[in-house]
Amino acid sequence: MPRHRPGADPVGADYMMADAEVALLADARDREAVNRRRIEARLAVEGVAWDWADATGDIADLLEAEAGLADIIVLNTAFADHEPPDMRAIVSDVVMRAGKPILAVPQQVRNLDVSGQALIAWNGAPPVAETLR
């Protein structure tokens, strides 16, 4: 009986792994499509301008790149208890690098009263102070 050689592909394991990866990717895309329809339906009645971009890569880098012309970035940590992604780290990265105002929204919030109180944190830089004026 032949012995297994290190590095050999027993019974096409590489092909089975490729099939599993394709199935996982298809499942992720299906979930993303459902999420997109849900978000688009909600945004359609909010009365605010918005845009959607599909991209693959590091989430913080993608948010920073896509928000280049945005006035404000709205984030939450809805997936903070799931791994991956680590939403706390992603939000922290975006806050520190984006150079944009960030509106941090708790998951349970369903509307925003802009006449209420706000907590503003910044590094004291003159451009930020000018924005706040």
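**Salt bridges, core and pockets of the predicted model**

A salt bridge joins the side chains of Arg31 and Asp27, with a nitrogen-to-oxygen distance of 3.3 Å, in a structure that is a predicted model. Both residues belong to helix α1, and because Arg31 and Asp27 lie four residues apart in this helix, about one helical turn separates them. Arg31 is exposed, with a relative accessible area of 52%, whereas Asp27 is partly exposed, with a relative accessible area of 39%.

A second pairing of this kind is found between Arg36 and Glu40, whose side chains meet in a salt bridge at 2.7 Å, N to O. Arg36 and Glu40 are likewise four residues apart in helix α1, so that they too are separated by about one helical turn. Arg36 is partly exposed, at 27% relative accessible area, and Glu40 also counts as partly exposed, at 25%. Over the whole structure, the search finds six salt bridges.

The largest nonpolar core consists of nine residues, namely Ala60, Ala67, Ile73, Leu75, Met87, Ile90, Val91, Val94 and Ala98. At least two residues of this core come from each of β1 (73–75) and α3 (87–97), and the largest share, four residues, is supplied by α3. When residues up to four places away in sequence are left aside, Ala60 touches Ile90, Asp93, Val94 and Arg97.

The largest pocket has a volume of about 3000 Å³ and is lined by 48 residues, of which Asn35, Ile39, Trp52, Leu63 and Val74 lie nearest its centre. Helix α1 (13–44), helix α2 (59–66) and strand β1 each contribute at least two residues to this lining, with the largest share, 12 residues, coming from α1. By type, the lining of the largest pocket divides into 30 nonpolar, seven polar and 11 charged residues.

The second largest pocket holds about 1100 Å³ of space, and of the 26 residues that line it, Pro101, Ile102, Leu103, Ile120 and Ala121 lie nearest its centre. Two or more residues of this lining are given by each of α3, β2 (102–104) and α4 (126–132), and α4 gives the most, with four residues. The lining of the second largest pocket comprises 19 nonpolar, five polar and two charged residues.

Key: Residues numbered from 1 in each chain as written. Predicted model: local features only at pLDDT ≥ 70, side-chain atom pairs only at ≥ 80, totals over all residues. Heavy atoms only, no water. Core = buried A, V, L, I, M, F, W, Y, C linked by side-chain atoms within 4.5 Å. Buried < 20%, exposed > 50% of the residue type's maximum accessible area, 1.4 Å probe, protein only. Contact = heavy atoms within 4.5 Å. 1 Å grid on protein atoms, 1.4 Å probe; cavity = no way out; pocket = protein on both sides within 12 Å on 5 of 7 lines; lining within 4 Å. Points joined across faces, edges and corners; volume = space filled by probe spheres on them. Nonpolar A, V, L, I, M, F, W, Y, C, P; charged D, E, K, R; others polar. Salt bridge = Lys/Arg side-chain N within 4 Å of Asp/Glu carboxyl O.
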